Amino acid sequence: MLDMQLVRNDLDTVAQRLATRGFMLDTQALAQLEAERKRLQTHTQQLQAQRNSSAKTIGAAKARGEDVAPLLAEVAELGSSLTAAESALATLQEKLQALLWQMPNLPHASVPVGASEEDNIEVSRVGTPRAMDFIVRDHVDVGQPLGLDFEAAAKLSGARFTVLRGQLARLHRALAQFMLDTHTLQHGYTELYVPYLVNDASLYGTGQLPKFEEDQFYVQRAGMERLCLIPTAEVPVTNLVRDEIVLREHLPLKFVAHTPCFRSEAGAYGRDVRGMIRQHQFDKVELVQMVEPQDSYDALEQLTGHAEAILQALELPYRKMALCTRDMGFSSAKTYDLEVWLPAQQAYREISSCSNFEAFQARRMQARFRNAQGKTELLHTLNGSGLAVGRTLVAVLENYQQADGSVTIPDVLRPYMTGLTQITTSN
RNA sequence: GGAGAGGUGGCAGAGUGGUUGAAUGUACCUGACUCGAAAUCAGGCGUAGGCGCAAGUCUAUCGAGGGUUCGAAUCCCUCCCUCUCCGCCA
């Protein structure tokens, strides 16, 4: 959520910056609503002040044992006009609030302005795709003989689910373990285990609501608040600081969590239908940081580097993209995507997204810290995938495939696989 | 599933219709005492918003929403959440 103060005072600049990401702010309508709000609020507060002072007068008179009838007559009219003013103000403020909830974050000055992913800028490219002197198969063809089973998953749940068997399931687990160990032991993150079902307030906090309700999976409970399957660990982890005032000496907070993620992928029909690139359920190791405002862009570089370290350790070729204004997520001020090389597609595909949200989420969550002056100030929040486990498995299958149909296990994963060096149909 | 208790300021904890934005304790800040610290004493200390150059002033806020009332933390209704005990269960 943007700072209403800023939106008010700098309406045209805000509108221009939002326009670069494709959000058209009706400044005239907003200015008009704002003016009306101001008028109504002043009016309402005057009436409230009047009510309060007469109530006190009446109370005092009663205490002295005087007749209060004439005083009561004086305020007879006040009630109804106050009720009317209050409800008019409430309606208007709801309208303004709804508008504010739906406005995306302002892009940082360093974000390239662009219309689509075509305008994303390649920041760096690491690793060289391996030369393969045989017909390169995609992860589906490589994986199916080794235990990747979409038919079984379809029977159980439908499209966009996966069953993994045997060493493939184990490799999947090894990947997650390796990522967690790296981030906790080498990058200083605290591991968390968190709920996979969260309430609406949490989804508002990180920005999934109110705009992206149709992307979520909801669980209804009779007589209880509905809960939502988390689309990413970002939601439960970031919301840990919701309504909290963090001590400055505890900053930065750095958390890592391995969770499944659930996405309905509404509107993605026909995209990546083959394989396990785009699933309703996938695992992800998520990095989250809460930092002081002046540190957040350094933190973004570091956090992105932590995700890159996994790709480097796995010796997977990738590139780092600075997303352009139009391609960034709703809540983000700046995002780097890490894209891994998929030889079958002869393309780099997203495997991690690292973002600085500045105070956008913190304002929604009222997540604050006490600054050096002892005043409460909004935190800056960041997160990034480190990495998407399912897609990492895809990348390993494709990049480590051999002519004979086996898959070599990357060196760093072997300790997690009791020394196994390759996956074949026979193991 | 059954029975009960409860949601008040950073924390603890009073308050059951009238100058209560809220006692008290604690934490924190400032000052006094001290060579310094501890202890003690005095003062300050929530959040959000409106108006104002400012000093200031006004409004809202005691889980959420609605109701009663001139006036609600306090009474009534609905909902949400937490805790305890019993049962069942991974």
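Biologist: In which loop is the place of D243?
Modeller: This is a predicted model, and in it the phi angle of D243 is near 60°, a positive value in a residue other than glycine. D243 is also exposed, with a relative accessible area of 52%. Its place is in the loop between helix 10 (234–238) and strand 8 (245–246).

Biologist: Is E315 buried or exposed?
Modeller: E315 is found in the loop between helix 11 (296–313) and strand 11, and its phi is near 55°, a positive value in a residue other than glycine. Exposed means over 50% relative accessible area. With a relative accessible area of 56%, E315 therefore counts as exposed.

Biologist: Which residue does a cis peptide bond join to P210?
Modeller: P210 is found in the loop between helix 9 (200–206) and strand 6 (217–221). The bond in question has an omega of about 5°, and the residue that it joins to P210 is L209.

Biologist: In which strand is L387 found?
Modeller: A cis peptide bond joins L387 to G386, with omega at about 5°. As for the secondary structure, L387 belongs to the run of residues 380–388, which is strand 16.

Biologist: How many helices and strands are there in chain A?
Modeller: Chain A has 427 residues, of which buried residues make up 50%. Along its principal axes, the C-alpha trace of this chain spans about 100 × 45 × 45 Å. Its secondary structure comes to 13 helices and 18 strands.

Biologist: How far apart do the C-alpha centres of domain 1 and domain 2 lie?
Modeller: According to the domain assignment, chain A is divided into domain 1, with residues 26–102, and domain 2, with residues 117–423. Taking the C-alpha centres of domain 1 and domain 2, the separation is 49 Å.

Biologist: How far apart in space are Q16 and L106, C-alpha to C-alpha?
Modeller: Q16 has its place in helix 2 (residues 11–19), and it is exposed, with a relative accessible area of 57%. Along the sequence, Q16 and L106 are 90 residues apart. In space, from C-alpha to C-alpha, their separation is 9.7 Å.

Biologist: Why does the pair of D149 and R165 tie together parts that are apart in sequence, and how many residues apart are they?
Modeller: D149 forms a salt bridge with R165, and the closest N and O atoms are 2.7 Å apart. D149 lies in strand 2 (residues 148–149), whereas R165 lies in the loop between strand 3 (163–164) and helix 8 (166–185), so the pair ties together parts whose separation in sequence is 16 residues.

Biologist: Of these two residues, is R165 buried, partly exposed or exposed?
Modeller: Buried means under 20% relative accessible area, and partly exposed covers the range between that and the exposed cut-off of over 50%. D149, at 18%, is therefore buried. R165 has a relative accessible area of 44%, and so it is partly exposed.

Biologist: With which residue does E286 form a salt bridge?
Modeller: In this pair the closest N and O atoms are 2.6 Å apart.

Biologist: Which residues form a negative surface patch with E350?
Modeller: E350 has its place in strand 13 (residues 347–356). Residues of such a patch need over 30% relative accessible area, and E350, partly exposed at 35%, therefore passes that cut-off. The residues that form the patch together with E350 are E117, E118, D119 and D327.

Note on methods
Residues numbered from 1 in each chain as written. Chains lettered and ligands numbered in written order. Predicted model: local features only at pLDDT ≥ 70, side-chain atom pairs only at ≥ 80, totals over all residues. Heavy atoms only, no water. Patch = residues over 30% accessible without salt bridge, like charges linked within 9 Å, V, L, I, M, F, W, Y side chains within 5 Å. Areas by Shrake-Rupley, 256 points an atom, 1.4 Å probe, with all protein chains shown as cover. Salt bridge = Lys/Arg side-chain N within 4 Å of Asp/Glu carboxyl O. Lys, Arg positive; Asp, Glu negative; His and termini not counted. Charge placed at Lys NZ, Arg CZ, Asp CG, Glu CD. Helix = DSSP H or I, 4+ residues; strand = E, 2+ residues; numbered from the N terminus. Buried < 20%, exposed > 50% of the residue type's maximum accessible area, 1.4 Å probe, protein only. Domains from an automatic or database assignment.
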